[in-house]
Amino acid sequence: MSAATRRLTTAQALVRFLAAQYTERDGVRHRLITGTWGIFGHGNVAGLGQALVEYADVMPYHQGRSEQAMVHAAVGHARQLNRLRVQAVTTSIGPGATNLVTGAALATVNRLPVLLLPGDYFASHAADPLLQQLEHPVEADVSVNDALRPVSRYFDRVTRPEVLVASALKAVRVLTDPAETGAVTLALPQDVQTEAHDWPEEFFADRVWHVRRPAPDPAELAEAVRAVRAAERPLIVAGGGVHHSEAEQALKALVDATGIPVASTQAGKGALRHDHPADLGGIGHTGTAVSDELARTADLVIGVGTRYSDFTTASGTLFQRPDVRFLNLNITAFDAHKLAARTLVCDARTGLATLAEALSGHRVDAAYEAEYRVGKARLEKTVRAAFRADDDGAVPTQTQVLGALDAVVGDEDVVINAAGSLPGDLHKLWRARSPRQYHLEYGYSCMGYEIPAALGVQQAAPDTPVWALVGDGTYLMNPTEIVTAVQEDLPVKLVLVQNHGYASIGGLSESVGAERFGTDYRHREADGSFTGAPLPVDLAANAASLGMDVLRAKTVRELREALVAARAATRPTCVYVETAPPSAALPAEAWWDVPVAEVSAREAATAARTAYERSVADRRHHL
């Protein structure tokens with residue numbers, strides 16, 4: 001007797017397969033693909049579009065407005081759910097597919113899973129060339145989807161229906177692998193999507209993918225224990241892997257037992273609650289003074305779930321003690337071996353718990369604890385001063401906007417940001433109250449991420465207040481998903497900060513001799529400069545035109561009232577505030593390498609090059 005089969009199109013089979021996939025970690029089972037985002041055009045409307053209509057009862061559909069934004073929403077969703085649940089994204093061929101590239105890069109850089117299902121050209125070449133096809137004169141099998149190869153952790157083009165069985169299983173394996181995950185792309189030729197095939201029933205059976213928690217190797221563990229016990233000034237650098245592994249309590253237990261202080265990357269902030277005595281805030285170029293001071297004198301840096309970006313290491317200039325050594329606990333061997341470290345290749349939660357048990361009875365010197373606690377007290381004074389507004393009737397500064405929000409949010413609220421000057425202020429100042437409150441996408445630092453990511457987070461946590469903090473520059477990049485928030489009745493809160501330009505890159509341009517060129521939103525003067533009056537652009541009116549309720553705040557008092565009202569709102573709501581010029585109260589505590597012109601006729605550039613050469617001389621190769 002032949003095995004049972006089911007006759008479906010390739011697209012129908014894919015949707016049925018995805019609806020039957022589950023993850024399991026720590027005995028808790030989750031549906032893997034929680035829904036599919038889609039914008040339809042030729043190349044996916046007749047295939048996946050028809051399949052999603054046919055199986056709407058098992059696969060929720062979300063209508064996007066921008067292909068890139070759909071990926072951002074899916075990434076925010078996966079991060080909020082600790083990478084155990086994923087959303088898919090389908091697009092047409094041509095520009096619909098190439099618009100996925102930025103979002104795919106963001107997902108893969110940040111080690112966050114998303115399934116991309118772009119349409120593709122005819123596998124049969126029956127229509128060739130067709131609308132939106134990129135013709136290659138010597139490689140007929142190349143399509144624009146090949147642009148997704150370098151930014152995907154797994155890529156396949158499903159050129160025949162039967163290819164899908166093996167390809168779909170490999171795709172889900174990567175999506176659920178904590179060490180390999182990122183963007184996964186299945187390019188789907190439009191003719192193959194609609195072809196019928198007899199599929200084995202086993203393909204549609206419920207399948208549970210166990211998300212492993214590998215333990216550390218005993219030899220590596222023994223070496224790590226010796227290193228920690230020998231260290232006089234150890235410092236933990238907590239990265240995003242702490243959150244992905246749900247290792248926050250294991251980290252706290254280790255820190256409580258040993259007294260080792262913790263500094264956090266942008267992705268790791270919140271690994272310890274802000275008021276824990278050993279939490280020293282952010283580290284690196286946007287870090288706090290106390291974290292960076294300790295980093296410069298640390299003799300052992302313990303990286304947990306971090307990939308050590310240049311912001312974290314201050315471009316190789318931060319860890320300056322001559323005998324400093326590194327111990328990296330990471331589920332990915334690629335990251336664990338960075339900086340010539342001793343390695344613990346394992347799950348963060350399992351590794352931290354095992355390390356804490358092996359270090360039983362060990363604690364850092366009391367003088368070291370007293371030292372970093374004094375530094376933490378100074379940090380608290382800095383935060384209070386930056387947040388304080390002595391005049392309720394004044395126009396707020398950007399840090400006072402954060403202070404007003406800090407006073408309004410509860411422990412469960414989520415604050416999302418990605419680009420501009422806000423990430424630096426947030427990394428230094430934000431007081432994270434819970435593991436998922438601080439949501440910074442700073443691996444790719446993609447302008448336009450915040451609003452769509454807020455939608456994905458809100459879908460993942462429907463009863464949680466979700467705040468997207470957006471500057472005027474990033475708002476103009478990608479406001480379209482406001483319409484989707486209104487359509488799906490997602491009560492996201494948008495704090496739209498208007499400072500009439502690219503504040504972050506403007507400040508950077510001054511430091512490298514470019515003198516804020518091209519960073520202001522102002523009228524062009526006769527000499528070509530942008531020094532005129534601010535443009536008559538009303539971003540609040542724009543948000544309102546897209547369906548949001550908008551609250552305008554001109555003073556600190558009005559801002560506080562608007563934030564309270566927005567938090568209570570049950571519809572998508574925008575708080576619009578124009579900020580006063582920033583003060584110089586929050587300078588960078590560590591360097592960041594942005595090369596400066598070696599020769600120039602401009603005095604500002606020449607001075608910047610001199611400063612650059614002084615700083616770059618401090619770079620170290622840790623061997």
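In which sense do strand β20 and β21 pair, and over how many bridges? Strand β20 (residues 466-471) and β21 pair in the parallel sense, over five bridges. This is a predicted model, in which local features need pLDDT of at least 70, side-chain atom pairs count only at pLDDT 80 or more, and totals for chains, interfaces and linings use all residues. Residues are numbered from 1 along each chain as its sequence is written, and side-chain values use heavy atoms, with hydrogens and water left out. Helices (H or I, at least four residues) and strands (E, at least two) are DSSP runs numbered from the N terminus.

- In β23, valine 577 is the bridge partner of valine 497.
- Strand β21 (residues 493-498) is mostly covered, with six of its six residues buried (under 20% relative accessible area, against over 50% for exposed and partly exposed in between, with a 1.4 Å probe and protein chains only).
- In a regular strand the side chains alternate between the two faces of the sheet.
- Both faces of β21 are covered: Lys493, Val495 and Val497 are buried on one side, and Leu494, Leu496 and Gln498 on the other.

- An open sheet of six strands has the order β5-β4-β6-β7-β9-β8, with parallel pairing.
- Its edge strands, β5 (61-63) and β8 (154-157), each pair on one side only.
- On average, neighbouring strands of this sheet are turned by 20° against each other, direction ignored.
- Within the sheet, strand β4 (residues 33-38) and strand β6 (residues 86-91) pair in the parallel sense over five bridges, and glutamine 87 in β6 is the bridge partner of glycine 35.
- α1 packs on the sheet and touches β4, β7 (114-120) and β9 (183-189), where contact means heavy atoms within 4.5 Å.
- The direction of α1 makes about 175° with that of β7; axes are lines fitted to C-alpha atoms, for helices over the stretch in contact, and angles run from 0 to 180 degrees between N-to-C directions.
- Helix α3 (residues 67-80) lies across β4, β6 and β7 and runs at about 170° to β6.

**Covered helices**

- Nine of the ten residues of helix α1 (residues 10-19) are buried, among them Phe17 and Leu18.
- Helix α18 (residues 450-460) has ten of its eleven residues buried, including Glu450, Gln458 and Gln459.

- The axes of helix α16 (residues 398-408) and helix α17 (residues 422-429) come within 10 Å and cross at roughly 50°.
- Gln398, Thr399 and Leu402 of α16 meet Leu422, Asp425, Leu426 and Leu429 of α17.
- Helix α8 (residues 218-230) and helix α14 (residues 348-358) have axes that come within 10 Å and cross at roughly 60°, and are therefore oblique to each other.
- Leu221, Ala224, Val225 and Arg229 of α8 make the contact with Thr354, Leu355 and Ala358 of α14.

Technical notes
Angles under 35 degrees count as roughly parallel, over 145 as roughly antiparallel, 65 to 115 as roughly perpendicular and the rest as oblique. Two strands pair if DSSP finds at least two bridges between them.
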